[in-house]
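User: I'm new to this structure and would like a close look at one part of it, the salt bridges. Could you take me through them?

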Amino acid sequence: VNGSEIELHVHLDGAIRVQTILDVAKRRGISLPATTAEELKEKIIIHEPATLTKFLEKFEEYMHVIAGDKDAIKRIAYEFVEDKAKEGVIYVEVRYSPHFLADCDVGKPIPWNQTEGDLSPDEVVRLVNEGLREGERAFNIKARSILCCMRHMPSWSIEVVELCKKYRNDGVVAIDLAGDESMNLEANPEHRTAYEEAVRCGIHRTVHAGEVGPASVVKEAVEVLKAERVGHGYNTLQDPALYRKLLEQNMHFEMCPVSSKLTGACDSDFTQHPIITFRKDKANYSLNTDDPLIFNSNLLLDYSVVHQHMGFTEEEFKRLVRSNAKKHAEYEPLRLHHVWKARSATVF
């Protein structure tokens, strides 16, 4: 890691500071099963390989503290930018579900057992944008966001694409489909309708696929949903023809080494990781943290893992991080938006 990193797959609600959760809980009068940051951290983080479903359950430990609170949402966005700047990141795309942070206009039941309030998904996006912008100014990096549809909540997807359209010139650069692939293999018709609208309006598209689901989910992502990037995508290798096709298309894969072990997406032996095949084939991919709070990780750890266990060399790191990304100040405003097909690190 050389201080000019680009991170493309990291979840805002999976990158919150533990101390912030404690502070907000105290202010809001919410009791937690821990009184210190260390105690709470131990309840949240995953130490050993589990399943994607078990990993997703970890959000229930703390999301009820942050969701529905305007000050907290803006704060976590600002602090996220500060934390990424400290990791040497100069451009980051952070993703989240606006509905999971809202407490009204989301249908019933309201996420995280909240009582109904006045914070809508639209207002959530506005607050996150404000926090990211303030962080950009303070820490001199570029931060953009991706809005997530959720596989198990198709009724939200149309609003998500409409929010992408509304805020496309205010920091939102793409739409995503996230959630538990293992329980929702095929995209619901409402997800497909949302992605059709994204294509029609020129909204960039990424999809979580092939993380724990089969290669068929990746095929659907690129052929039906018209994804321009694939989140994770490890199981693409199960379908050699599809893999070759996507290599030829220069499809970008957002890979998360530490995450893939702890969610059980890949073999816990890093020396057998699918990323090794992608590296050997000079595929178009990036290395990312995914959910650093829950994995107790940072970008340096992911880079260290692939260096120590997967044979990555300095030359490969240089290929991944574009050679001209020396420092943020050399970029013209929004220049990155126009070069999102760059081979070494596709950006939206």
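To begin with, which side chain does lysine 108 meet in a salt bridge?

Analyst: Happy to. A quick word on the ground rules: this is a predicted model, so local features need pLDDT of at least 70 and side-chain atom pairs count only at pLDDT 80 or more, while totals for chains, interfaces and linings use all residues. Residues are numbered from 1 along each chain as its sequence is written, and side-chain values use heavy atoms, with hydrogens and water left out.

Lysine 108 meets the side chain of glutamate 116, at 3.0 Å from N to O. (Buried means under 20% relative accessible area, exposed over 50%, and partly exposed in between, using a 1.4 Å probe and protein chains only.)

Salt bridges can also share partners: Arg17, Asp23, Arg75, Glu79, Glu82, Asp83 and Lys86 are joined into one network that way. Let's pick out one pair from it. Lysine 86 and glutamate 82 meet at 3.8 Å, N to O. They sit 4 residues apart in helix H5, so about one helical turn separates them.

Aspartate 69 and arginine 28 form a salt bridge of 3.5 Å, N to O. Aspartate 69 lies in the loop between helix H4 (63–66) and helix H5 (70–86), and arginine 28 belongs to helix H1 (residues 18–28), so this bridge ties together parts that are 41 residues apart in sequence. Aspartate 69 is buried, with a relative accessible area of 9%, while arginine 28 is partly exposed at 33%.

Stepping back, the count comes to 29 salt bridges by this rule. The protein has 16 helices and 8 strands; these are DSSP runs numbered from the N terminus, with helices being H or I of at least four residues and strands E of at least two. Of its 348 residues, 59% count as buried. The C-alpha atoms fill a box of roughly 55 × 40 × 40 Å along the principal axes.

Conventions. A salt bridge is a side-chain nitrogen of Lys or Arg within 4 Å of a carboxyl oxygen of Asp or Glu.
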